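The paragraphs below walk through one chain, starting from a single residue and widening to the whole. Please keep the sequence and the coordinates open while reading.

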Amino acid sequence: MSVIEKQVRKARRRLTNNIFLDRLAFGLLAGAGLWTVAILVVRLLALHLPLWQGAWCGAILAGLVTLVGTARARPSPLRAAVALDAAAGLKERLS
């Protein structure tokens, strides 16, 4: 494996990690919103339901959004090479 391929693989891993963290933040926001809605419904309607089940549903939703979103948006080696080119100002020598 050449030095260029190693750099592209490293860039692809970093881009995937960035996407993972972005999706994790969005998933946690969606899960927290779901749990907030569940708390409001339980309190407004005076229902006697345990709220921790809503927290688990929110956490599962956050995990699913994170994993599926990361898997769908994972960059290709070409996209990683283009990102390296742009960052280093190489005018598309690697890609």
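T70 sits in helix 2, where helices are DSSP runs of H or I with at least four residues, strands are runs of E with at least two, and both are numbered from the N terminus. The relative accessible area of T70 is 11%, so the residue is buried; buried means under 20%, exposed over 50% and partly exposed in between, with a 1.4 Å probe and protein chains only. Leaving aside residues up to four places away in sequence, T70 touches T16, I19, F20 and R23, a contact being heavy atoms within 4.5 Å.

This is a predicted model, in which local features need pLDDT of at least 70, side-chain atom pairs count only at pLDDT 80 or more, and totals for chains, interfaces and linings use all residues. Residues are numbered from 1 along each chain as its sequence is written, and side-chain values use heavy atoms, with hydrogens and water left out.

The secondary structure of the chain consists of three helices and zero strands, in the order α-α-α from the N terminus. A11 belongs to helix 1 and is buried, because its relative accessible area is 12%. With residues up to four places away in sequence not counted, A11 touches A80 and L84. The C-alpha atoms of A11 and R79 are 9.4 Å apart, although 68 residues separate the two along the chain.

E5 is also placed in helix 1. At a relative accessible area of 45%, E5 counts as partly exposed. Between the C-alpha atoms of E5 and A81 the distance is 9.0 Å, for a separation of 76 residues along the chain.

The loop between helix 1 and helix 2 contains A46. Most residues other than glycine have a negative phi. A46 has a positive phi, near 55 degrees. Its relative accessible area is 55%, so A46 is exposed.

Which aromatic rings pair in this structure? A search of the whole structure finds one aromatic pair, formed by W35 and W52, with 5.8 Å centre to centre and 35 degrees between the planes. Rings of Phe, Tyr and Trp (its six-membered ring) pair if their centres lie within 6.5 Å; planes under 30 degrees apart count as stacked, over 60 as edge-to-face and the rest as tilted, which is why 35 degrees makes this pair tilted. The pair links W35 in helix 1 (residues 3-44) with W52 in helix 2 (residues 52-72), 17 residues apart. W35 is partly exposed, because its relative accessibility is 28%, whereas W52, at 64%, is exposed.

Now the chain as a whole. Its radius of gyration is 20 Å, while a compact globule of 95 residues would have one near 12 Å; the radius is taken over C-alpha atoms, and the globule rule is 2.2 Å times the number of residues to the power 0.38. The C-alpha trace spans about 65 × 25 × 15 Å along its principal axes. Of the 95 residues, 20% count as buried. Among contacts with a separation of 6 or more, 64% come from residues 24 or more positions apart.

The chain exposes about 7200 Å², of which carbon and sulfur atoms supply 67%; accessible areas come from the Shrake-Rupley method with a 1.4 Å probe, and for residues only the protein chains shown count as cover.
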